[in-house]
Amino acid sequence: MKFLTLIIALALLAGCSYQQPKVSEVVVPQPALVSQPQKPINFQIVGFYPYWEQKKFPPCVAINDNINLLYHAFVSVDKNGNLVVPKNFDNKEIIDIAKNKNIKVILSVGGGNTSSYFSSVLNNPLLFQNFADQLVNFIQKNKYNGVDIDWEFPKNSNDSLNLNKFVQFLRQSLGNDYIISVDLPYANYTGRYFDIDFLKHFVNYFIVMTYDYAGAWSHISGYNAPLKSGFCNTHDIQKSIEYWLARGVDSKKIFLGIPFYGRAFNADEPCQEFNQSYAATYRNILSLLKNENYQYFWDFMTKTPYLVNKKDKIYYSFDDSSSINDKIRYAFQMNLGGIAIWEITQDIVDNHHLLLPEIVQTIKNNQLLN
């Protein structure tokens with residue numbers, strides 16, 4: 001009985017010790033106001049800006065606030081080891097506008113049509129030194145934030161060794177505050193002579209050119225930039241990224257190439273024989289959607305849109321916001337460092353980007369999900 005009385009007493013004391021808090025004393029934490037970032041974070045948007053489009057699409061129109069790195073293309077090298085700067089290669093306005101938008105500007109050297117003298121120049125010690133010195137001086141004098149090497153492509157082990165020496169010299173001359181990137185092809189045939197084990201110690205980023213999987217050089221009308229395997233493509237973006245990861249490239253150093261253009265074939269559907277092909281900007285392809293002779297299709301296997309004109313027998317393989325969104329989601333799945341657009345003027349209509357704003361929103365959505 002005494003034990004039961006003790007329990008009751010303790011219960012009463014415990015009950016008396018509890019007090020209902022006043023409403024005014026309850027502090028409800030308010031969510032902090034987070035300002036929307038101007039550009040995506042931890043995922044880079046690279047935009048190539050070719051000098052030959054500057055007159056038609058001046059920097060004030062072409063350079064978007066959301067770009068992280070702007071690649072000014074292209075300077076090259078001649079057979080005497082001299083840096084070739086095109087006559088209309090105007091960089092002052094680009095540098096000024098980019099600086100105000102907190103965008104770093106990278107000088108891109110080489111290119112698909114202007115890489116022919118890399119091999120002979122870098123193989124000659126005197127020409128090597130002349131070219132490398134001029135390039136470093138041009139970068140520093142014109143206040144670029146780094147250099148991009150677009151050598152298409154080293155063809156033997158000697159080229160590979162000379163590219164290593166060239167990149168190492170640039171890093172030693174420019175220091176660690178400058179960005180160095182190297183453009184890579186999408187497959188082993190043209191990629192085997194890039195010595196990743198050496199280059200990765202000196203290179204900040206590798207741009208994988210995941211486009212031009214089909215064109216005038218192909219046997220059949222294929223896909224310009226297929227994300228996955230389909231009926232008639234032997235290569236695709238997933239295989240390309242897996243290849244370079246297997247070669248030892250850090251995923252965060254990879255920028256996935258995004259084309260703002262497509263390719264036309266004189267065929268009435270994919271996977272057909274043809275004898276003519278040419279490139280077409282997204283802007284021009286978009287105008288064809290208003291033409292009743294063109295039908296829009298979506299390839300579920302390759303994640304690729306295409307247009308077909310049965311009347312005139314024309315087939316366009318291209319990218320739109322849907323296919324690019326799939327590629328960005330894939331880039332996040334693979335923990336890649338960002339995307340690289342070739343090139344940023346090709347989606348401009350009436351002085352406004354059409355694809356770029358949608359890309360930015362897709363990236364932000366994926367960042368929230370991850």
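In which handedness of crossing does α5 pass α6? The crossing of α5 past α6 is right-handed, a crossing being right-handed if the near helix is turned clockwise from the far one by less than a right angle, and left-handed if anticlockwise. The structure is a predicted model, in which local features need pLDDT of at least 70 and side-chain atom pairs count only at pLDDT 80 or more, while totals for chains, interfaces and linings use all residues. Residues are numbered from 1 along each chain as its sequence is written, and side-chain values use heavy atoms, with hydrogens and water left out.

The protein chain contains 12 helices and 16 strands, where helices (H or I, at least four residues) and strands (E, at least two) are DSSP runs numbered from the N terminus. Of its 370 residues, 52% count as buried; buried means under 20% relative accessible area, exposed over 50%, and partly exposed in between (1.4 Å probe, protein chains only). Among contacts between residues at least 6 apart in sequence, 72% join residues at least 24 apart, a contact being defined by heavy atoms within 4.5 Å.

Helix α5 (residues 125–141) packs against helix α6 (residues 157–174) at an angle of about 40°, and their axes are 11 Å apart. Axes are lines fitted to C-alpha atoms, for helices over the stretch in contact, and angles run from 0 to 180 degrees between N-to-C directions. The two helices, α5 and α6, are therefore oblique to each other, given that angles under 35 degrees count as roughly parallel, over 145 as roughly antiparallel, 65 to 115 as roughly perpendicular and the rest as oblique. On the α5 side, the residues that meet α6 include Phe-128, Phe-131, Leu-135 and Ile-139; their counterparts in α6 include Lys-165, Phe-166, Phe-169 and Leu-170. By class, this contact of α5 with α6 comprises 10 nonpolar, 4 polar and 2 charged residues. In this classification Ala, Val, Leu, Ile, Met, Phe, Trp, Tyr, Cys and Pro count as nonpolar, Asp, Glu, Lys and Arg as charged, and the others, Gly among them, as polar.

In soluble globular proteins, nonpolar side chains tend to be buried together. The largest nonpolar core of the model has 107 residues, of which Phe-131, Leu-135, Ile-149 and Phe-166 touch the most other members; such a core is a set of buried Ala, Val, Leu, Ile, Met, Phe, Trp, Tyr and Cys residues joined through side-chain atoms within 4.5 Å. Another core, of 9 residues, lies apart from it and includes Cys-232, Ala-267, Phe-274 and Tyr-306. With neighbours within four places in sequence left aside, the contacts of Ile-149 include Val-109, Phe-118, Leu-163, Phe-166 and Asp-183.

The crossing of α11 past α12 is right-handed. Among the residues in contact, Ile-324, Ile-328, Arg-329 and Phe-332 belong to α11, and Leu-355, Ile-359, Thr-362 and Ile-363 to α12. The contact of α11 with α12 has 6 nonpolar, 5 polar and 2 charged residues. Asn-365 is also part of helix α12 (residues 355–369), and counts as partly exposed at 35% relative accessibility. Its C-alpha atom is separated by 9.7 Å from that of Arg-329, 36 residues apart along the chain.

Ile-348, in strand β15 (residues 348–349), counts as buried at 1% relative accessibility. The C-alpha atoms of Ile-348 and Ala-62 are separated by 7.7 Å, although these residues are 286 apart along the chain. Beyond four places in sequence, Ile-348 touches Phe-57, Val-61, Ala-62, Arg-283 and His-353. Thr-281, in strand β10 (residues 277–281), likewise counts as buried, with 15% relative accessibility. Its contacts, neighbours within four places in sequence excluded, are Phe-260, Tyr-261 and Gln-346.

Most residues other than glycine have a negative phi, and most peptide bonds are trans. A cis peptide bond joins Glu-152 and Phe-153, with omega about 0°; Phe-153 lies in the loop between β5 (146–150) and α6. A cis bond also joins Trp-342 and Glu-343, where omega is about -20°, and Glu-343 is located in the loop between β14 (338–342) and β15. Asp-212, which is not a glycine, has a positive phi of about 60°. This residue, Asp-212, lies in the loop between β7 (205–208) and α9 (237–246) and is partly exposed, with a relative accessible area of 22%. For Asn-351, phi is positive and near 65°, and the residue lies in the loop between β15 and β16 (352–353).
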